[in-house]
Every structure is written in C-alpha cells, then in structure tokens.
Amino acid sequence: MLLRYFIVLFGLLCFSSNVKAQQLDSTISDIKVVFENVGRLEKETVLSYLPIKVGSAINAQVMDEALKALYATGFFADVKLAEKDGILYVKIKENPLVGKISFEGNKKIKAEQLMAELSLQPRTLFTRAKIQKDTQRILEGYKRIGRYSAVVEPKIIERAQNRVDVVFEISEGKQALIRKIDFIGNNSYDDDLLEESILSKEARWYRWFTSMDSYDPDRFVHDLEMLKLFYFNHGFLDFEVLAYSAELTPDKTGFYLTVNMNEGKRYKIESVDVKSTLKGFKPSSVEDEISIKKGKIYNQAKIENNVSDITDAVGAQGFTFIDVDYKIEKIQTEEKYNKVKVFFNVNEGQHVFVDRIVVQGNSRTKDNVIRREYRIGEGDAYNVAKIRRSKQRLDNLNYFDKNDIEIVPDETNRDKVVLQNTVSEKSTGAFKIGVGWSSYDGPLAEISITERNLKGTGRTASASATIAEKKTLFDIGFSEPWFLGRELDLGFDVFYLTRNYKDESSYNSEMFGASSYLSWKYSEELSHTLKYTIRQDRIFDIKNDASIYVKDQKGKTITSMISHSLFWDYLDNKYNPTEGYYVSVSNDYAGVGGDTSYLKSGLNIGYYFPLSDKWILGLSTSGNYMFGINKDVRLNDRYFLGGGNLRGFESGGVNARDKHSKDSLGGLWQATATAQVTFPLGLPSEFGMRGKIFSDVGWTGKPEDFKKEDMNYSSKMRQSVGIGLVWNSPMGPINIDYAIPVAKEDYDETEYFRLNFGTSF
C-alpha cells in the first residue's frame with residue numbers, strides 16, 4: 001500500500017517538473033514581422049511599439065502584455081504573436097485608412113455640422129471603437145434638436161489599397177414634442193401662467209415657427225431657475241423645486257414634463273435701509289434710486305435693479321472703488337404674509353484696476369469697433385457700472401448673437417483684472433422684398449438692401465425702393481458712427497419721393513434731394529444732431545375743381561434748410577419701451593438760399609410706466625409751430641393733422657378746409673396728446689399679440705392765407721377713443737386701430753378703421 005502511494009507521488013513530481021520546465025522563459029533570437037494586408041507601416045515602426053526585443057526572455061505573460069501594447073496603438077485591426085525555436089513571429093493586420101465619409105437621410109442637420117462632430121475624418125485610421133463613438137455622437141446631436149427616435153446605422157465599404165469609405169445611414173424620425181407640462185403644488189398660479197414664465201412650451205398647432213415645444217434637457221434645467229425667479233419676483237422667498245422629471249413616451253416622439261414644487265408663504269417688505277461704511281458718503285443721497293417700498297410685495301428683480309441703480313448713483317458722486325450688495329432678513333409671522341427686511345450695503349470695494357481688455361470671437365468686426373464702445377479703459381479703476389454700460393452699448397450695436405464680458409482676476413497681481421469679452425457674430429446684412437397694405441398708402445411693394453456693419457467697420461450703407469398706390473420712394477443712405485475717430489455720427493441720404501394727395505388736397509407732389517447730418521452725444525442720455533437738406537419740390541396734376549388755394553401752389557420750388565434737434569433718452573428700451581421717458585426739441589430753418597423761407601419748431605415728450613407686470617401706460621404729447629419769413633409757407637410744408645397723429649380722422653382730416661372743394665389746406669401749428677395702455681390678450685406669447693386702449697386729442701392752426709368766407713376752420717379740440725391690436729407676426733408687423741371720434745366738427749373727415757401691414761421674404 002505504501003509502495004503504491006510512493007509511485008503515485010513520484011509520478012506527480014515528474015509531471016510537475018515537466019510543466020514547470022515548459023513554463024520556463026525562452027530567449028528570443030530573432031523577430032519577424034508579417035503583414036497580412038497592405039502595409040503602410042515600416043517593420044522598424046512596428047518593432048518600436050513592440051516591448052519584446054531580440055535577446056528578451058518571454059513567457060505567456062510577456063506575450064499577453066505585448067499584444068495589449070500593439071492593440072493600444074490603434075494601428076492594427078488584428079495582431080497574432082507566436083514563438084518557435086527562439087524566433088518571434090508577429091503577424092499584423094493594419095487598420096484601413098478612411099477615404100470618404102458621407103451621410104444619407106439627414107435633412108434636419110447639415111452634413112457639415114455632422115462632420116464636425118466626428119472623430120473619424122478622411123485620411124485617418126479607421127477603428128471600430130471610433131465608429132461606435134461617432135454613431136453615438138450623431139444620435140446625441142439629434143437628441144439636442146428633439147429627435148429621440150433617430151436611428152443611425154454606419155456602413156463600411158471596403159476599397160482597394162486597404163481603404164474604406166464610411167456611410168452613415170440616418171433615419172431622423174419624428175421630433176419629440178412636449179405633450180404636457182404638469183406643475184404640482186402650485187396653489188397661487190395656474191399652469192398656463194407658469195408655462196408663460198418658462199421657455200419650454202407644450203406642443204400646439206400655432207407653434208410651427210418655434211422650437212420651444214421640442215424637449216431640450218438643458219433648457220428644462222434652465223426653466224427651473226426661471227420658475228424660481230418668477231416666484232421670487234412675486235414674493236415667495238421660500239419657494240423650492242422638490243422634484244422634476246421628463247418622461248419619454250414609448251414611441252420616443254413625446255415627453256411629459258413634471259415639476260413638483262413647494263410655494264411657501266408670501267413675503268411683504270417690512271423695511272428698507274441703506275447702510276454704508278464709505279467715508280464721505282451719505283446713504284440718504286441714494287434713497288430716490290430705491291423703487292421697493294415698505295408694505296409692497298417682495299420683488300427680487302427690482303432689488304437687483306436697485307443695486308445697479310445705487311451703484312451708478314454712487315459712482316456718479318465721484319466714488320471710484322465701491323461695492324454695493326444687499327441682504328435680507330426674513331420674519332416669520334402668523335399672519336397671511338411673512339415679512340422681510342431689506343438692507344442695501346454701500347462699502348468701499350477692493351482697489352482693483354483693469355489690466356487688459358481681451359476681445360475674442362470677432363472674425364469680421366474689427367477690434368476697434370468693439371473697443372470704442374467701452375466706457376472703461378485699460379489702466380482705469382475697476383467700475384461695475386461702466387462695465388455694465390459698456391456691455392449695454394455693445395448689445396445696442398446688434399452685431400452679435402452672444403456678447404459676454406467675464407471678469408478674470410490676474411493670477412500674479414490681486415489688484416488687477418482682465419476683461420475678457422467673448423462675442424459671437426451674426427449677420428448684419430439684410431435683403432428684403434416685401435408686399436403689404438397701408439390705410440394711408442394703399443397696396444405697396446418694397447425692396448431694400450442694408451449692411452449695418454460694412455466690412456466690419458461699423459458703418460451703415462442702405463438702398464431701398466417702395467412703390468405704393470399713393471407713394472413712390474427711392475432712398476440711398478450711408479453713415480459713419482465714429483467720424484474722425486470720435487463719437488460723431490456722420491451720414492447722408494439721397495432721396496426721391498412722389499405722393500398722391502388728391503383725396504386730401506386735390507394734387508400730386510414730387511420731391512427729390514439730399515441731406516447730410518452730424519450727431520454727437522453730450523452724455524449717455526443727451527444727443528444733438530445738426531442736419532442740412534436741399535431738395536426740389538413740385539406740386540402738379542391738380543384737379544380742375546381744386547381749391548384756388550391749392551392751384552396757387554402749382555410749380556417747382558427749391559428748399560435749402562438747416563436743422564438741429566436735441567434728444568433726451570431715458571427709456572429702458574427705445575424700440576419697445578415699458579418704463580422711462582424721452583424729450584425731443586427741434587428747429588428747422590429754410591432760407592439758406594432756395595425759394596422758401598420759414599422757421600419750424602417742435603417739442604415731443606413721452607413717458608412710460610408699468611401699471612402691473614404686463615400692462616404698460618404710455619403718455620405722449622407733441623407741439624409744432626412754424627411761420628414764414630417774408631414769404632407765406634407753402635402747402636406742402638404745412639402741418640396736417642389726422643391719420644397717424646390723430647386716429648379716428650383721415651390724414652389732414654382736421655385742418656382748415658375749402659368750403660367748396662373740401663380740400664385740406666394744412667396749418668401753421670398743431671398739438672397732440674395720447675394716452676395708451678397696452679396689455680396682454682391672454683394668448684400664448686408666441687403669438688406676439690398685444691391689445692391697446694387709447695385716446696387721442698389734437699388741435700390745429702390755420703394757414704397764413706386763411707379767409708373765413710372761403711374756409712372752414714376751428715381751433716377747438718378734437719378727440720377720439722379706440723381699441724387696437726399690435727401683432728409682431730412672422731410675416732411682419734401689423735397694427736390695427738379702431739377709433740371713434742368723440743369731439744369733432746361737421747366738416748372733419750373721419751376714418752374709423754386703420755391698418756398697416758407689411759411682410760418680407
């Protein structure tokens with residue numbers, strides 16, 4: 001029995017020794033590289049990546065590490081290692097070279113955009129890992145535009161010389177639209193109002209011209225911040241989003257968005273205080289800049305605006321290094337509203353200077369065009385108000401889709417910062433062909449070409465032509481906003497205009513000429529313009545039964561006129577004002593040569609303020625007066641009241657009128673005033689529609705050659721009231737007014753309905 005165990009043990013030991021002998025390292029005496037396809041790499045290149053060298057000892061572990069090293073280069077599709085009699089055989093199959101890359105089925109994303117996403121490029125090595133990665137990147141691109149059901153299938157076409165062409169076959173699928181947005185926990189505001197406060201929108205038939213009804217995860221996250229800001233602006237300081245989700249439908253064509261929230265209790269302002277440690281500064285001097293008041297609902301946006309206003313006001317007092325912030329102190333109560341104390345802190349800021357201003361992203365617009373808009377320069381003391389104003393001025397140029405100014409601290413000097421201005425340029429040229437209709441001019445067609453940033457210099461050049469039933473206009477213009485390197489706006493216009501006044505005054509007119517102007521600013525709000533105009537006017541084609549006072553005007557005249565105007569602009573937005581005011585004063589003197597001689601003066605004032613979040617009251621008034629100098633003022637230079645400046649009446653429908661021919665003869669002065677409230681209509685914001693309620697009043701003067709026996713005239717007030725619609729439609733702006741005269745004379749010409757419509761394509 002013992003002998004049997006001894007024999008078995010001896011056999012196992014012999015077998016173990018044999019296995020161990022087989023695992024002993026072999027020494028490599030030579031390495032041979034064998035290419036299984038067309039070899040672009042040299043043998044020496046392959047050997048340089050191989051960790052095994054002649055004379056190296058190898059075993060299974062060394063061979064495995066060598067395989068991994070060769071595959072890691074990305075050059076090889078297949079690698080085989082074999083050792084025989086001390087010779088290492090390296091058999092390799094190189095990855096092919098990419099020839100053409102093409103896309104099929106892509107309509108929503110251009111091939112150039114897809115190509116920019118790929119790691120595979122022509123004349124680079126093809127790998128399976130790269131094509132899998134690129135397929136996913138294309139799918140991510142389609143997800144970004146809301147097409148979650150897109151399918152991408154790569155096809156490999158083998159070519160000669162170890163080359164391949166790659167074709168991505170794309171089925172774009174349907175756009176994943178937002179089917180429903182659910183808000184849970186909103187006790188104070190309904191779902192429709194909350195949806196208005198965010199960017200994402202539920203899919204509706206009328207949203208064909210917007211992409212806001214397609215799901216975008218980044219936009220949805222931003223919407224949560226907008227929702228929070230909405231509640232903060234309405235006094236809900238404890239508002240929080242508890243949870244949110246975006247669920248994709250099984251067919252991948254729709255999303256259900258859900259936001260679960262806790263509104264919390266609303267806050268009213270208990271007190272507002274300004275505190276300061278700034279030497280020589282009186283907190284009471286900025287109290288007028290604070291718009292939030294005790295007893296009002298807390299509004300985050302107003303407080304942040306007040307911080308900006310206080311910063312500007314303190315800076316205007318000569319304080320350079322300032323830091324303005326705010327703090328709030330919440331007070332919990334058992335009443336309906338909680339309370340909050342607001343503290344504005346004005347302190348001395350760190351003594352920081354602007355080291356450099358770096359502008360990037362402007363491939364077309366010249367650097368100096370951007371830099372000249374800055375209200376702060378390199379080496380100046382850091383000033384938040386000036387930087388903010390600089391950004392606003394750049395935004396007003398309307399040259400950029402993106403305009404960000406980032407404050408970058410200097411790593412080597414804590415007292416210096418770098419202003420890094422990153423812009424993304426947009427098209428500044430426009431070619432427009434338009435058709436439309438106006439109550440005043442009738443059917444019209446228009447063609448125009450404009451470049452607002454000519455060759456990146458900031459200059460503007462334009463040419464336009466309008467042909468309408470009652471008007472023909474040709475105009476060529478040019479302006480240089482920084483003449484002689486200073487903020488002097490120099491420009492000129494050449495124009496030709498004909499008008500049909502037969503309905504109002506029984507004649508046609510023709511005007512052609514040129515004008516040149518120079519404009520500059522005394523401050524950010526006050527600008528001054530000087531202008532010279534020379535033109536030839538012709539009154540012709542007078543009706544046989546026209547007034548004798550019209551027939552006397554027949555013929556040509558030359559007008560040589562100098563003008564000036566002062567404009568104070570305190571509006572928050574000059575194109576769509578919601579708050580602020582403007583004042584304009586102008587004078588025109590004709591008589592610097594030419595055939596006419598008169599003096600005109602005008603005053604225009606407008607004031608806007610919000611009645612609520614979206615209800616805006618606008619008040620405006622204007623007054624104009626003129627008189628002839630040694631000559632009577634001609635018919636075509638007089639003021640005509642009605643139409644656009646007094647709704648409810650025809651153009652010129654309120655002026656002195658010939659008793660027999662009913663021709664409007666104009667006047668030497670006029671005054672108007674308007675009160676108008678614009679308000680939302682309860683429609684989705686994408687419609688771009690707003691309603692308006694208005695009342696216009698006006699007075700007019702008589703002409704110099706007025707004769708009571710021949711003319712009807714009254715200086716009494718005329719008034720109208722009405723309603724209207726403003727629609728920023730995809731086809732162009734549309735203004736509709738329906739006005740009813742409530743104070744008029746029997747001979748006045750009325751016009752209840754007024755429409756202006758235009759489009760471009």
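1. Start with a cluster of rings: Tyr148, Tyr215, Phe220, Tyr244 and Phe255 are linked by ring pairs. Here, rings of Phe, Tyr and Trp (its six-membered ring) pair if their centres lie within 6.5 Å; planes under 30 degrees apart count as stacked, over 60 as edge-to-face and the rest as tilted. The structure holds 26 aromatic pairs.

2. A word on what you are looking at: this is a predicted model, in which local features need pLDDT of at least 70 and side-chain atom pairs count only at pLDDT 80 or more, while totals for chains, interfaces and linings use all residues. Residues are numbered from 1 along each chain as its sequence is written, and side-chain values use heavy atoms, with hydrogens and water left out.

3. Now look at one pair. Tyrosine 189 and phenylalanine 230 have ring centres 5.1 Å apart and planes at 75 degrees, so the pair is edge-to-face. Tyrosine 189 lies in the loop between β9 (177–184) and α6 (191–196) and phenylalanine 230 in helix α7 (residues 217–232), so the pair ties together parts 41 residues apart in sequence. Helices (H or I, at least four residues) and strands (E, at least two) are DSSP runs, numbered from the N terminus. Tyrosine 189 counts as buried at 13% relative accessibility, and phenylalanine 230 counts as buried at 12%. Buried means under 20% relative accessible area, exposed over 50%, partly exposed in between (1.4 Å probe, protein chains only).

4. For phenylalanine 281 and phenylalanine 319, the ring centres are 6.0 Å apart and the planes at 90 degrees, so this pair is edge-to-face. Phenylalanine 281 is in the loop between β12 (267–276) and α8, phenylalanine 319 is in the loop between α8 and β13 (322–331), and the two are 38 residues apart. Both phenylalanine 281 and phenylalanine 319 are buried.

5. The charged end of arginine 538 sits over the ring of phenylalanine 540, 3.9 Å from its centre; that of arginine 647 sits over the ring of phenylalanine 694, 3.7 Å from its centre. The rule is that NZ of Lys or CZ of Arg is within 6 Å of the ring centre and within 35 degrees of the ring normal.

6. Finally, visit serine 515, which is in strand β23 (residues 508–521). Serine 515 is buried, with a relative accessible area of 8%. Leaving out residues up to four places away in sequence, serine 515 touches Gly491, Phe492, Asp493, Phe495, Lys531, Tyr532 and Thr533, where contact means heavy atoms within 4.5 Å.
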